[in-house]
Amino acid sequence: MNQTLRTKLRIAEGREAEPSAAILDSQSVKTTDVKGIRGYDAGKQVKGRKRHILVDTMGLLLMVLVHAANIQERDGAKLLLNKAKGCFTRLCLIWADAGYRGKPMIDWVRNTHGWILEIVKRDKGVKGFQVLPRRWVVERTFAWFGDYRRLSKDYEVLTETSEAMIYAAMVRLMVRRLALESVEPRANSQTGSKAAA
């Protein structure tokens, strides 16, 4: 369902059905007292799980993988990209932040999947918050997920259920956008006919 709706939305926006570029990132979230795997992300100081996502340049979800928060970014990315292998025939470029830097990771992505991993770096002279090219797209996707109370923490026992809830949130977002796409042209055509009359 996610793939079908994403394809329709991309075509409605005048894009190719399949993306040629994507953005990779992760988000650590707390878990509740329910059973299930979890870990401690020392960098974010979060005990729980990590959501690794791959999105297209519109911020639409291509793939998600939920795992224990103690798994490092590069290791989690490898798990996610292995899961995505063979799913996106046009994909050739992936942008990521400095958490995925390092020649071994870049070489692994190229040699294993044939994709280019490009690290988007902060400008050294800029202090404080900085909007990074391409990187803001995946951050916006995480912000969209923040509108769903079920995703405010990881409430699920199984990581597979956590992934399903993230896909469900994205499906709802895309259905709403497609509904707006179908209404707006009709409204514009009615406005045009009234103006002509």
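1. Asp25 touches Arg51, His52, Ile53, Asp97, Tyr100, Arg135, Val138, Glu139 and Phe142, not counting residues up to four places away in sequence; contact here means heavy atoms within 4.5 Å. The model is predicted: local features need pLDDT of at least 70, side-chain atom pairs count only at pLDDT 80 or more, and totals for chains, interfaces and linings use all residues. Residues are numbered from 1 along each chain as its sequence is written, and side-chain values use heavy atoms, with hydrogens and water left out.

2. Asp25 belongs to strand S1 (residues 21–30). Helices (H or I, at least four residues) and strands (E, at least two) are DSSP runs numbered from the N terminus. Asp25 counts as buried because its relative accessibility is 4%; buried means under 20% relative accessible area, exposed over 50%, and partly exposed in between (1.4 Å probe, protein chains only). Its side chain makes a polar contact of 3.2 Å with the side chain of Arg135. A polar contact is a pair of N or O atoms within 3.5 Å; within protein, one must be able to donate a hydrogen and the other to accept it, and residues adjacent in sequence count only if both atoms are side-chain atoms. Arg51 lies 26 residues from Asp25 along the chain, with 8.4 Å between their C-alpha atoms.

3. Ser26 is also placed in strand S1. With a relative accessible area of 7%, Ser26 is buried. The side chains of Ser26 and Glu73 are joined by a polar contact of 3.2 Å. Beyond four places in sequence, Ser26 touches Lys50, Arg51, His52, Glu73, Tyr100 and Phe142.

4. Strand pairing requires at least two DSSP bridges between two strands. S1 and S3 run antiparallel and are joined by 8 bridges, with Ser26 standing opposite His52 in S3. On the S4 side, 7 bridges join S3 to S4, again in the antiparallel sense, and Leu65 is the bridge partner of His52 in S4. S3 and S4 form a hairpin with 5 residues between them, and Gly59 in the turn has a positive phi of about 90°. Since 9 of the 10 residues of S3 are buried, this strand is largely enclosed by the rest of the structure.

5. S2 pairs with S3 in the antiparallel sense over 3 bridges; Tyr40 stands opposite Lys47 in S3. These two strands form a hairpin with 4 residues between them, and Gln45 in the turn has a positive phi of about 55°. Asp41 lies in S2 (residues 39–41) and counts as buried because its relative accessibility is 8%. A polar contact of 2.6 Å joins the side chains of Asp41 and Ser28. Leaving aside neighbours within four places in sequence, Asp41 is in contact with Ser28, Val46, Lys50 and Ala69.

6. Which residues have the most contacts inside the largest nonpolar core? They are Ile53, Val55, Leu61, Phe145, Ile166 and Met170, in a core of 28 residues. A nonpolar core is a set of buried Ala, Val, Leu, Ile, Met, Phe, Trp, Tyr and Cys residues joined through side-chain atoms within 4.5 Å. H1, S1, S3 (46–55), S4 (61–68), S5 (93–96), H4 (135–145) and H5 (159–196) each supply at least two residues of this core. H5 gives the most to this core, with 7 residues. Apart from it lies another core, of 21 residues, among them Leu54, Leu62, Leu65 and Trp108.

7. In helix H1 (residues 2–12), Asn2, Leu5, Arg6, Leu9 and Arg10 are buried. They cover an arc of only 135° around the axis, which puts them on the same side of H1; the arc is that of the directions from the helix axis to the C-beta atoms. Lys8 and Ile11 are exposed on the other side of H1. Just after H1, Gly14 takes a positive phi of about 80°.

8. The protein averages a pLDDT of 89, and 87% of the residues score at least 70; pLDDT is the predictor's confidence in each residue, from 0 to 100. Confidence is highest in S4, at a mean of 98, and lowest in H5, at 78. Over residues 189–197 pLDDT stays under 50, and the model has 0 contacts beyond four places in sequence for them. Where pLDDT is low, the predicted coordinates should not be read in detail.
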